[in-house]
Amino acid sequence: IIDYEALCPKTLILALEKNNIKTVACQERFIHTFFTSWVNVILDTYYVASEYTANVIKNSKYHDIKNVISMGQYRSDYISLYKKKNIPEEIFTAQEKGKKIVVFLGHHSYKCWFDSYYATATSWSAQVSFLEDVIKFSHDLNNTFLILRYKTLDWMVNPYFKDILNKINDCENIIISDNYKEPYYSYKLCANADLIIAKHTSLADESLSNEIPVLFYEYTHNMKRIVADAFDYSPSGLMCYNFEELLKKSKSLLFENSSELKDEIIKLNKKIYYVKEKGNIKNKIIGNLENLLNSTMTSQNKH
């Protein structure tokens, strides 16, 4: 069982194949559907994120997989599990005041300046630019409550960010989520959000597959596009290439009863996130894996 299929050394997989050892993995990141030679997979059985993904992989020359099975994004089970349940206190309090909940999913920043210097989407200056947009967003939409969520917060001790973090602290309707003790807390936040604004992350795809509105923050201070050229969500109306576009689309999703963007999210679920059976994805994978193990053991016993 391969934990992260795209990172597993191909030499190891080939050695397993040579010794007739079956290899199995789940698709870790939905975005890998759209990559070609940068992400290639060699497996016996591959549990993938959707029917769309399965068709792309089966017709791709960059993969060597004997059995592609459409199951869904297994971590998306947490979104449906926590939706309108186990509501985080900060969200519950803001909702009681009639606020719309917006979760911003940001990228980390490097600790050392020389790593930051060569990064584009995750440089120190890109981080400051992102936070400045969050502040502007909070001023333009003061009837919202904004939650900034990162994978880690170790970058915040960097003196470079002192001034911008002070500005964030002065905003009454913004918090930086620092609860990392509670398991799957990011999923609890996103499951109960009215809108998610994300620098691209798998959590955004997992939320979209549960029809939670997501807009992609697809620009920095010196780039108009970050990952959009690698794939096309088709339609791509969820991509935002500047602050004005981000603000306009956010207002539409948050405050308009009828929104073309909401219709696009439904279309995405019918097209690229579609699986025949939704929910209990993890259990479906485990059940299929058990059947696979039993059939393999039965075959070996016959020999």
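Contact here means heavy atoms within 4.5 Å, and by that criterion K284 touches M71, E277, K278 and G279, not counting residues up to four places away in sequence. The structure is a predicted model, in which local features need pLDDT of at least 70 and side-chain atom pairs count only at pLDDT 80 or more, whereas totals for chains, interfaces and linings use all residues. Residues are numbered from 1 along each chain as its sequence is written, and side-chain values use heavy atoms, with hydrogens and water left out. The protein chain contains 12 helices and 9 strands, where helices (H or I, at least four residues) and strands (E, at least two) are DSSP runs numbered from the N terminus.

**Overall dimensions and surface**

- The radius of gyration of the protein chain is 21 Å, which agrees with the value near 19 Å that a compact globule of 303 residues would have; the radius is taken over C-alpha atoms, and the globule rule is 2.2 Å times the number of residues to the power 0.38.
- Taken along the principal axes, the box filled by the C-alpha atoms of the protein chain is roughly 70 × 45 × 35 Å.
- Of the 303 residues in the protein chain, 50% are buried, where buried means under 20% relative accessible area, exposed over 50%, and partly exposed in between (1.4 Å probe, protein chains only).
- Among contacts between residues at least 6 apart in sequence, 64% join residues at least 24 apart.
- The mean positions of the 37 positive and 36 negative charges are 4 Å apart, with Lys and Arg counted as positive, Asp and Glu as negative, and His and the chain ends not counted; the place of a charge is taken as NZ of Lys, CZ of Arg, CG of Asp or CD of Glu.

**Nonpolar cores**

- The largest nonpolar core has 66 residues, and those with the most contacts inside it are V103, F104, F137, L148, I196, I197 and L215; such a core is a set of buried Ala, Val, Leu, Ile, Met, Phe, Trp, Tyr and Cys residues joined through side-chain atoms within 4.5 Å.
- Helix α6 (residues 124–140) gives the most to this core, contributing 7 residues.
- Apart from this core lies another, of 13 residues, which includes I42, L43, Y46 and V68.
- L215, leaving aside its neighbours within four places in sequence, has contact partners that include L195, I196, I197 and A198, as well as L238, C240, L246 and L261.

**Buried positions**

- T144 lies in strand β5 (residues 144–149) and is buried, with a relative accessible area of 0%; beyond residues up to four places away in sequence, T144 touches K99, K100, V102, F137, N173, L254 and F255.
- H32 is placed in the loop between β1 (24–26) and β2 (42–48) and is also buried, at a relative accessible area of 7%, while its contacts, not counting residues up to four places away in sequence, are with Y4, E5, A6, Q27, W38 and V39.

- D194 lies in the loop between α8 and β7 (195–198) and counts as partly exposed at 28% relative accessibility; D194 and K99 are 95 residues apart in sequence and 9.7 Å apart in space, C-alpha to C-alpha.
- Leaving aside neighbours within four places in sequence, D194 is in contact with K99, K100, I101, P213 and L254.
- K267 is found in helix α11 (residues 260–271) and counts as exposed at 52% relative accessibility, and its C-alpha atom is separated by 9.9 Å from that of E211, which is 56 residues apart along the chain.
- K284 has its place in helix α12, and its C-alpha atom is separated by 9.6 Å from that of G72, 212 residues apart along the chain.

**Positive phi values**

- Most residues other than glycine have a negative phi.
- Y184 has a positive phi near 60 degrees; Y184 is in the loop between β6 (174–176) and α8 (185–191) and counts as partly exposed at 40% relative accessibility.
- N280 likewise has a positive phi, of about 50 degrees, although it is not a glycine; N280 is in the loop between α11 and α12 (281–302) and counts as exposed at 54% relative accessibility.
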